[in-house]
Amino acid sequence: MTDRYIDAHTRSLEDPDGFWGEIAEDIIWTKKWDKVLDSSNAPFYRWFVGGECNTCYNAVDRHVDEGRGDQAAIIYDSPIIGGVIKTLTYSELKDAVARFAGALRTRGVGKGDRVIVYMPMVPEAVIAMLACARLGAVHSVVFGGFAANELAVRIDDAKPKVIVSASCGIEPARIIPYKPLLDGAIDAASHKPDACIILQREQETCELTPGRDSDWGTAVAEAEPAKCVTVKATDPLYILYTSGTTGRPKGVVRDNGGHMVALKYTMKAVYNVEPGDVYWSASDVGWVVGHSYIVYGPLLNGNTTVVFEGKPVGTPDAGVFWRVISQHKVKVMFTAPTAFRAIKRDDPEAKLLGQYDMSGFKTLFLAGERTDPDTLHWAEDNLKVPVIDHWWQTETGWSIAANCMGLHPYPVKPGSPTKAAPGWDVRVLDDACNEVPNGNIGALCCKLPLPPGTLPTLWNADERFKEAYLDEFPGYYKTADAGYIDDEGYLYIMARTDDIINVAGHRLSTGGMEEVLASHPDVAECAVIGVADQLKGQLPVGFLVLKAGVDRAETDIVKEVIGLVRERIGPVAAFKQASVVKRLPKTRSGKILRGTMQKIADNEQYKMPATIDDPVILEEIETALEGIGYAKARG
Ligand code: COA
Ligand code: AMP
């Protein structure tokens, strides 16, 4: 039997122009490209140069033109507001998007202008994104769990003409008023948007700022529908900010043409869904998974996408995923392992599953963090469908490695996201940029050029793009993940090589948190590490060294820094533990030994670093960790 995965993977690397050029025929272009891959400005590569298109046309209008107008495009399911379910067909979505695009256009938004979308998981968030795409404007969605300060940083970098927001988001225990966060962010930012459009939600409405804000409903009612605007394949579709190694986030840019080609391809090749199938990604539009697989991938492919406003547990119970799958006939679902750990914790025997007809459900995909074998087996045993771990990043926009269910499914090896996806040439390198033998851990790097759909650069920061991803291993993209490849080509992703941690599938920078802690007037020095957590994968823990002479109660200072992180970064950081210590362990050259601290917290054996300036400090760290409930093991 021929292996369609091997054929595709081999051809994608040997003949990228032929491979992606053929796949690109699946997209409707206003003008076809002159060149599939343009390497003339390496290490900056561009795909489908000379091509012209519109992403919204391909995601929405095209399906109406091709007879899918009455098919559901979006099913909005919100258990968090008491079980509201609303369906939008492709025709209805087209009308809604065209009208909202008209409202944006009235406010001066045109090709290349930026629009920030700061919204909860409601269909209007998707409509706003698609409306930007329709006008050739560039959206930048900011996750609702981020604080005003994070929003302000993004406003100053993206310089939006308009911000689209809502009166509130809803979490299980509370309503989150968005308007104070939005106003606070606009006050704090140097750049000011010309206008804001606010979706008033009945759970909590807000006062609109005269002269700046409009109500979504009124703005749409007054608008003339806008047509799709043709853009270059290489024009930006969106900017998505993600954690960098400091508090300054990186603006990952996505283009129009290559992005469409790659995402549509993955819907069949990776996820094995056909147009018309119901596909559900239980993520948030604020994350890359939401961009690629709540919005663009499924809609480009003519699927029905589920927009879910709820949590895996507590809305109302650990059976909600099964209810959504059976009620909406979901064929393929995508979520983060942490969601399954939460379900397993609440319903270890999956008793609630028995209440639902899961016969149409074919595959579960997991990503965002490594799928631990326990979670994998629990999901496999209970769901009785393939459970597929796949590895990707905000930067890549789609999976670097996956078990390609639409090409050639391979046996699952626990702990591995299987093999490099077509288009990806993954190598494991040592510090000198040499490949290491199979089985040895090194830096996971991808040989350039990266396939279509990946980041061409960072927003207004070509140099930073090169420095962050390309300079360390010339000729390669540095993923900043460490891992290895086994003799059968399976990849294993072991750890980040930078200070990024993964909290409940959310990517956070410990460096960014340290900047916040260091801003406290009593803190002389600090370190934040990610320690293993059974539910969330990792949780941040802070260590504070106080300035000489500070004699306030340590518990007060700890409380204050926890509050500061929540206020500046947001609740999503889940920063709830910190400890005051006398000193931080350092090398003789002054580098804080965060890796060793993390091993102590995770109860792992560690070697006393040869360069440590004073080993006794590690005992103090152990004691501090014990004080806040973490395990201890001296190597
Ligand atoms: N707006 C405002 N606040 C938000 C928010 C949002 N959109 N999303 C999360 N928060 C807040 C939560 O209310 C919580 O606040 P708290 O400290 O007051 O309790 C905090 O941020 C952390 O939220 P969360 O990460 O959701 O943790 P949790 O303990 O409430 O729930 C899980 C744990 C595992 C159920 C949850 O993290 C989850 O569903 N994870 C899946 C993640 C995911 O889909 N990731 C996308 C990658 S595929
Ligand atoms: P994000 O940009 O938020 O998608 O986070 C990307 C990071 O999450 C990667 O660099 C990895 O560290 C981690 N990650 C994502 N998917 C996986 C996976 N399947 N296995 C292991 N780590 C993963």
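## Exercises on ligand shells, a helix crossing and backbone geometry

An N or O atom in the side chain of R174 lies 3.1 Å from an oxygen atom of ligand 1, a polar contact in the sense of a pair of N or O atoms within 3.5 Å. The model is predicted: local features need pLDDT of at least 70 and side-chain atom pairs pLDDT 80 or more, while totals for chains, interfaces and linings use all residues. Residues are numbered from 1 along each chain, chains are lettered from A and ligands numbered from 1 in the order written, and side-chain values use heavy atoms, without hydrogens and water.

**Exercise 1.** Describe the surroundings of ligand 1.

*Solution.* 
- Step 1: the contacts include a polar side-chain atom of K536 at 2.9 Å from an oxygen atom of ligand 1, and a backbone N or O atom of A282 at 3.3 Å from an oxygen atom of this ligand.
- Step 2: of the 940 Å² of accessible area that ligand 1 has on its own, the protein covers 83% (Shrake-Rupley method, 1.4 Å probe).
- Step 3: ligand 1 is surrounded by 22 residues, each with a heavy atom within 4 Å; E171, K311, K536, R566 and K576 are the closest.
- Step 4: this shell has 10 nonpolar, six polar and six charged residues, where Ala, Val, Leu, Ile, Met, Phe, Trp, Tyr, Cys and Pro count as nonpolar, Asp, Glu, Lys and Arg as charged, and the others, Gly among them, as polar.

**Exercise 2.** How do the axes of helix α3 and helix α5 cross?

*Solution.* 
- Step 1: the axes of α3 (residues 55-65) and α5 (residues 123-135) come within 7 Å and cross at roughly 120°.
- Step 2: α3 and α5 are therefore oblique to each other (angles under 35 degrees count as roughly parallel, over 145 as roughly antiparallel, 65 to 115 as roughly perpendicular and the rest as oblique).

**Exercise 3.** Locate the cis peptide bond from A42 to P43.

*Solution.* 
- Step 1: the omega of this bond is near 10°.
- Step 2: P43 lies in the loop between β1 (35-41) and β2 (44-49).

Conventions:
Axes are lines fitted to C-alpha atoms, for helices over the stretch in contact, and angles run from 0 to 180 degrees between N-to-C directions. Helices (H or I, at least four residues) and strands (E, at least two) are DSSP runs, numbered from the N terminus. A polar contact is a pair of N or O atoms within 3.5 Å; within protein, one must be able to donate a hydrogen and the other to accept it, and residues adjacent in sequence count only if both atoms are side-chain atoms.
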